[in-house]
Amino acid sequence: MTDSDAAAARQASSQEKAPPQDREFTEQVIVVGGGLVGATLALLLGEAGIAVRVLESRGRPLDGEAVGKGPPAARVSALTPVSERLLSNLGVWPAIAGRRATPYTGMQVWDGEGSGEIRFHADEVGVATLGHIVENAVVLAALEARLQALPSVRIDYGVRLKALQSPASGRRLILDDGRRLQAPLVIAADGARSQLRELAEIAVRERDTGQAALVTTVRCERPHGGVARQVFRGDGPLAFLPLTVDGDAHYCSIVWSTAPDEAARLAALPDEALAGELGEAFEQRLGGVTVTGATARFPLTQRHAAHYVEPGLALIGDAAHNIHPLAGQGVNLGLMDAAVLAEELLAARDRGAGLGDVRILSRYARRRRGDNSLMLALMDGFRLLFGARTPALRLLRNVGLSGADRLVPVKRLMMRQAIGERGRLPARCR
């Protein structure tokens, strides 16, 4: 058998395994990674009639009947009003809110090593809420349900990349099941350790924060009152993010950023001992706590790709930039990446331009890199300031927090940044 005969046999075998509708599906865009950001981009493009194939390493879609019921999942996001409007315009917000989403109208931040404190309330900037705390799985289940109903979108589960090739006609992906997929444009939405970014040999500027995040869920003695709280401790910030479960407003999602060894020690504690340490570290602001969910930890490394685009290739979300979770802005930045890239691609389609044209993709990169760089720098600055041990800097941050709390214009500026007003929705996504 010749090499060409063998290749034809493999292709025929692959087609026999594929669903019949996939044999005739010719993708214009391939999105690698079906998480929150990748799924949102696929929905934005698919709703506009662009043929999109999503490659997701998970073996199956989420169970929409089970998600959002029972104990909350450990991984949550603080979605800003801008992100909510994007999801609402895509028709998925009702499904998210119908499962489980907790609005928060206030924020409280204080220095655990001093007296500095600042409080925010939605009324101060004339909005109904500052955002919603939502389990990532709840958002993703709503997006997947909508994608599965679109004839212009195909999702392949349980697949992984093996190689990336760059022929003149676009980008070609070789999958671990032997298939070869090609499209004018391939999108890397496969997370902070993006395999597609590595295959494309795009350099990344990495900065180890010296911290790891511990995440879990607790039930507090006192209700959270719709307020997101964060204390800056010497070892790192500890956040209690409000969750409401079946009408019970005593739950909080925990994100504790601390030294890796300390995170490992905390994760190994029995639930009762961990609850005691959480309550003490949080100064018992909501009374005693009970750990109700599984505990996980992961290293915190800030990353920023040297460039976001190449001919026929673009990076979005954590594949392009990975940020410290202390401000809860990671997912929101990624959703804005998806919205801006979709706007540029749809405008190019309307003009008859090629979707993989690097000039088109560069417009997306220029629009997003500045905001993402600013947020990365701000988070690094906050981390260094509140991790400082020198008395002068500790005094400065305490005076700064208390002073900002008394300066209404400064507070409003900070709040508008927190609710995402820098990232206004592109015209096509409103």
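Colleague: Let's start with the overall picture: how many helices and strands does the protein have?
Modeller: Happy to start there, with the reminder that this is a predicted model. The chain has 430 residues, and buried ones make up 53% of them. Its secondary structure comes to 13 helices and 21 strands.

Colleague: Of the contacts with a separation of 6 or more, what share joins residues 24 or more positions apart?
Modeller: Contact here means heavy atoms within 4.5 Å. Among the contacts with a separation of 6 or more, the share from residues 24 or more positions apart is 74%.

Colleague: Which residues of the largest nonpolar core touch the most other members?
Modeller: That core has 78 residues, and α10 gives the largest share of them, 11 residues. Another core lies apart from it, with 19 residues, including Cys-252 and Leu-274. In the core of 78, the residues that touch the most other members are Ile-96 and Leu-173.

Colleague: Beyond its neighbours within four places in sequence, which residues is Ile-96 in contact with?
Modeller: Neighbours within four places are left aside here. What remains for Ile-96 is Leu-87, Ala-101, Val-134, Val-138, Val-139 and Ala-142.

Colleague: Leu-87 belongs to helix α4; which elements do the buried residues of α4 pack against?
Modeller: Helix α4 covers residues 81–89, and its buried residues are Pro-81, Val-82, Ser-83, Glu-84, Leu-86 and Leu-87. Just after α4 comes Gly-91, with a positive phi of about 85 degrees. As for the packing partners of those buried residues, they are α3, β3, α5, β7, α6 and α10.

Colleague: How far apart in space are Glu-135 and Arg-99, C-alpha to C-alpha?
Modeller: In sequence, Glu-135 and Arg-99 are 36 residues apart. In space, their C-alpha to C-alpha distance is 9.8 Å.

Colleague: Now the aromatic rings: how many residues apart in sequence are the parts tied together by Trp-110 and Phe-282?
Modeller: The structure holds three aromatic pairs. Trp-110 and Phe-282 form a tilted one, at 5.3 Å centre to centre and 55 degrees between the planes. Because Trp-110 lies in strand β5 and Phe-282 in the loop between α9 and β17, the parts they tie together are apart in sequence by 172 residues.

Colleague: Which residues do ring pairs link into a cluster?
Modeller: Two of the members are buried: Trp-110 has a relative accessible area of 1% and Phe-282 has 2%. The cluster linked by ring pairs is Trp-110, Phe-240 and Phe-282.

Colleague: And why do the rings of Tyr-308 and Tyr-364 count as a tilted pair?
Modeller: Planes under 30 degrees apart count as stacked and over 60 as edge-to-face, with the rest tilted. The ring centres of Tyr-308 and Tyr-364 are 6.2 Å apart, and the pair is tilted because the planes are at 35 degrees.

Colleague: Where does Tyr-364 of that pair lie?
Modeller: Both residues are buried, Tyr-308 at 2% relative accessibility and Tyr-364 at 0%. They are 56 residues apart, with Tyr-308 in the loop between β18 and β19. Tyr-364 lies in helix α11.

How values were computed
Residues are numbered from 1 along each chain as its sequence is written. This is a predicted model: local features need pLDDT of at least 70, side-chain atom pairs count only at pLDDT 80 or more; totals for chains, interfaces and linings use all residues. Side-chain values use heavy atoms; hydrogens and water are left out. Buried means under 20% relative accessible area, exposed over 50%, partly exposed in between (1.4 Å probe, protein chains only). Helices (H or I, at least four residues) and strands (E, at least two) are DSSP runs, numbered from the N terminus. A nonpolar core is a set of buried Ala, Val, Leu, Ile, Met, Phe, Trp, Tyr and Cys residues joined through side-chain atoms within 4.5 Å. Rings of Phe, Tyr and Trp (its six-membered ring) pair if their centres lie within 6.5 Å; planes under 30 degrees apart count as stacked, over 60 as edge-to-face and the rest as tilted.
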